[in-house]
Amino acid sequence: MIRKINKKLIAVVALAMALVLAVSAVVSFPSDKITDVIKEQETETRRSYLILGKDKVSGLCDVIMIGSVDPVGDSAILLQIPRDTYAVYSEKGYRKLNGALNTLGAEGFCEFISKNFGVAIDGYLLFDLEVFKRAVDAIGGVDVDLPFDMDYDDPYQGLSIHLDAGRQHLDGAEAEKFVRYRSGYVRGDLGRLDAQKIFMSALFKKLLETDDRGMIVKAVLSVIGDLETDIPLAEIWELVGVTKGLDPQSFLMVTLPGEDTRPTENGAWFYVLSQKSTERVISEYLGGGGVFDPERRFTNDKYESFRKIYGSEADIFAPNAVEIEKNGIDIQKR
């Protein structure tokens, strides 16, 4: 492991933008500069990384994703894990997965996911909300199809969202509002995760189509000081050869299958994963070969609703970036 770039803690919703930008940007560097860092080589091993976005006020993770690149199959996936996912990662009473970073730390969080998902997690990336906004501005904004008008005000969070439906060119501040909005969705945070898929598809399309490599380098330089990661620089260079020729149709985005439930009348809402369907996703898209949740850390047999969801099978929605950019996602409005 290399020394962390910056130990500054992160805020909300980076979405893996810095990962995509960093990997795309190095394509623009002269080959002689690359060889100064590492000899040219190709990896034949799948690499998976935990991507986290942390709220600096509450200390909870609003974004939890696994980004995975398969050089053999020439494919990549962003696996979204809902922040309210029920998980037993400590002896404390708080059971939502968004608290695991505070309890376990980034490396401990990686170990928890790796052990219970049966996949190797090769490192982590943590981002600041300001990083997200600066990166969007640095690439000149992103064109996104908004599913409907979005209006929401929350003085406590200093949040005022007013965006019109249709094709919009979003700058950094507007993009932040789009990916944070959730109040108008029937399924709340799950709707927000689908909106984030829409944004990431539009971002990926722009990065692949741009000929302005200087713009991408500028974006990387604008965020690199606020990125925290334990991924060696040499490993980033290796990923370049895999990602720079990636077909957008092989870039998938999947939310782990499950369902919301409130086990007690006055209790909190949780997202409970479907054991069989989650195991299938991990096997098919992350190359996992083990059993998901062998110690049953993602359920509580005390509650009937947990047992029902955990033991059932759920639909798996795995669109690629081209499908999303062309057809959007049907997000139900409240």
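Val-142 stands opposite Leu-170 in strand S8. Strand S5 (residues 142–146) and S8 (residues 166–170) pair in the antiparallel sense over five bridges. Strands are DSSP runs of E with at least two residues, helices are runs of H or I with at least four, and both are numbered from the N terminus. Two strands pair if DSSP finds at least two bridges between them.

This is a predicted model, in which local features need pLDDT of at least 70, side-chain atom pairs count only at pLDDT 80 or more, and totals for chains, interfaces and linings use all residues. Residues are numbered from 1 along each chain as its sequence is written, and side-chain values use heavy atoms, leaving out hydrogens and water.

**Strand S5 and the cores**

- Buried means under 20% relative accessible area, exposed means over 50%, and partly exposed lies in between (1.4 Å probe, protein chains only).
- In a regular strand the side chains alternate between the two faces of the sheet.
- The largest nonpolar core has 46 residues; Val-142, Val-144, Met-150, Phe-178, Phe-199 and Phe-251 touch the most other members.
- Helix H6 (residues 189–209) gives the most to this core, with eight residues.
- A second, separate core has 43 residues, including Tyr-86, Tyr-89, Tyr-124 and Val-272.
- A nonpolar core is a set of buried Ala, Val, Leu, Ile, Met, Phe, Trp, Tyr and Cys residues joined through side-chain atoms within 4.5 Å.

**The six-stranded sheet**

- An open sheet of six strands runs in the order S9-S4-S1-S2-S3-S10, with mixed pairing.
- Its edge strands are S9 (228–229) and S10 (251–255), each pairing on one side only.
- Strand S1 (residues 47–54) and strand S4 (residues 124–127) pair in the parallel sense over four bridges.
- Leu-52 has Leu-126 of S4 as its bridge partner.
- H6 packs on the sheet, touching S2 (61–70), S3 (75–80) and S10, and its direction makes about 170° with that of S10.
- Helix H9 (residues 275–286) also packs on the sheet; H9 touches S2, S3 and S10, and its direction makes about 155° with that of S3.
- S1 and S2 run antiparallel, joined by eight bridges; Leu-50 stands opposite Ile-66 in S2.
- S2 and S3 are antiparallel over six bridges, with Gly-67 opposite Leu-78 in S3.
- Four residues separate S2 and S3 in a hairpin, and Asp-74 in the turn has a positive phi of about 50°.
- S2 is mostly covered, with 10 of its 10 residues buried.

**Helices H4 and H5**

- The axes of H4 (residues 129–138) and H5 (residues 172–180) come within 8 Å and cross at roughly 125°.
- Axes are lines fitted to C-alpha atoms, for helices over the stretch in contact, and angles run from 0 to 180 degrees between N-to-C directions.
- That angle makes H4 oblique to H5.
- Angles under 35 degrees count as roughly parallel, over 145 as roughly antiparallel, 65 to 115 as roughly perpendicular and the rest as oblique.
- Contact (heavy atoms within 4.5 Å) is made by H4 residues including Leu-129, Phe-132 and Val-136, and by H5 residues including Gly-172, Ala-175 and Val-179.

**Leu-104**

- Leu-104 lies in helix H3 (residues 100–117).
- Leu-104 counts as partly exposed because its relative accessibility is 29%.
- Leaving aside neighbours within four places in sequence, Leu-104 contacts Tyr-89, Phe-109 and Phe-112.
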